[in-house]
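User: I'm new to reading protein structures. Could you walk me through how the labels are decided?

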Amino acid sequence: MQRIRATKIFPYLLTNSTKSFTAKSSHLIPLLPNRSSLAPFSRDHINNSSFLIQSKPASTVSLAFAKETMSKNQVDLLKADEDLHGGVCVELKEPMDSQEFSIRLSASLSQWRLQDKKGVWIKLPISQSNLVEAAVKEGFKYHHAEPDYLMLVKWIPEIADTLPANASHRVGIGAFVMNDNREVLVVQEKNGKFKDLGVWKYPTGVVNEGEDICDAAVREVKEETGVDTEFVEVLAFRQSHMSFFNKSDMFFVCMLKPQSFEIQKQVVEIADAKWMPVAEYAAQPFIQNHELFSLVSKICLAKTDSNYSGFSGRATTSSSGKTTHLYFNHQYCDNILSLDISH
């Protein structure tokens, strides 16, 4: 753990006998001036020197923590791991007082500036939400949140930041499932925009975190209808914007082959489910009057007539060693895999 000396943090502390005190200078090592003004000092000299505190907005600091700081004559920097882009990542796992965190964060930021670090990421578990205010006062912004943590970020250099934005898309699937009688599996929903409209639609749903599109399609059909299926291919996909929480949306129309036929509908979200003749499905006024739904229906019909080829998923390995799926036109799969690209 890195430490910075703090012999002059609270000069009047020794004469203060109350349980807490108000200091105009409660943060160790404020934002340092530009590097040219530090020219007379070497990096080692700066790192090993005692630092005065510069004036900041008044805040109440724990006397016990201040005394401990004085007795140690140093401040522990926050533990951080370097990332691959010249920044650092801080993951706080142990409980910490907000005033202690404020002082250590300020000291750490000064150190990271001297080291020319760029982005600083702080992962705060929900149990340490008391530290959010202190981080925001140091210029940190919200990046994203999950059920059990909040990610905060700060860009240090005085140039345009290159920090990656939060995830911009949600991914969904629609499942085209047809049996040998040219009947498609359809549902009516209890909630959402199709509630009480009498519209029969393909099973749809959202891809879970860490879930492949092909697996999500199989899961959603099973959850909504009880029918087991096998993924065949992606027939089409569409992108829309300003959707769920103003994010963009990617929706994949998938063809699946039924492995069972008995329907056991989900009672919470699904009002009804059945096998419907494909021509009857396509003739619904809602399908006919909405261009996107009509076009998807025509693509699915073209597939059943062998006049269309979609994208099949092929398991492969990424450069980082992760198993992933690449979707491409299987019609040329053998020719593609046999190509020699070494010449």
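Analyst: Happy to! This is a predicted model. One definition to start: two strands count as paired if DSSP finds at least two bridges between them. With that in hand, we can describe an open sheet of five strands in the order β5-β6-β7-β9-β8, with mixed pairing.

User: What makes β5 and β8 stand at the edges?

Analyst: β5 (81–82) and β8 (141–146) each have a single partner strand, so one side of each is left without a neighbour in the sheet.

User: How do you know that β6 and β7 pair?

Analyst: Pairing needs at least two bridges, and β6 (residues 88–91) and β7 (residues 119–125) share four, in the parallel sense. For example, Glu91 has Lys123 in β7 as its bridge partner. Helix α3 (residues 98–114) packs on the sheet here, touching β6, β7 and β9 (149–155).

User: And how do you know that β9 pairs with β7 and β8?

Analyst: The cut-off is again at least two bridges. Seven bridges join β7 to β9, and five join β8 to β9; both pairs run antiparallel. Lys123 stands opposite Met151 in β9, while Tyr142 stands opposite Leu152.

User: Why is β9 called largely enclosed?

Analyst: Because seven of its seven residues are buried, β9 is largely enclosed by the rest of the structure. Tyr149, Met151, Val153 and Trp155 cover one side, with Leu150, Leu152 and Lys154 on the other.

User: Why does Ser297 count as buried?

Analyst: Buried means under 20% relative accessible area. Ser297 has 5%, so it counts as buried. This residue of helix α8 (residues 291–304) touches Tyr202, Tyr281, Ala282 and Ile287, not counting residues up to four places away in sequence.

Definitions and conventions:
Residues numbered from 1 in each chain as written. Predicted model: local features only at pLDDT ≥ 70, side-chain atom pairs only at ≥ 80, totals over all residues. Heavy atoms only, no water. Helix = DSSP H or I, 4+ residues; strand = E, 2+ residues; numbered from the N terminus. Contact = heavy atoms within 4.5 Å. Axes fitted to C-alpha atoms, helices over the stretch in contact; angles between N-to-C directions. Buried < 20%, exposed > 50% of the residue type's maximum accessible area, 1.4 Å probe, protein only.
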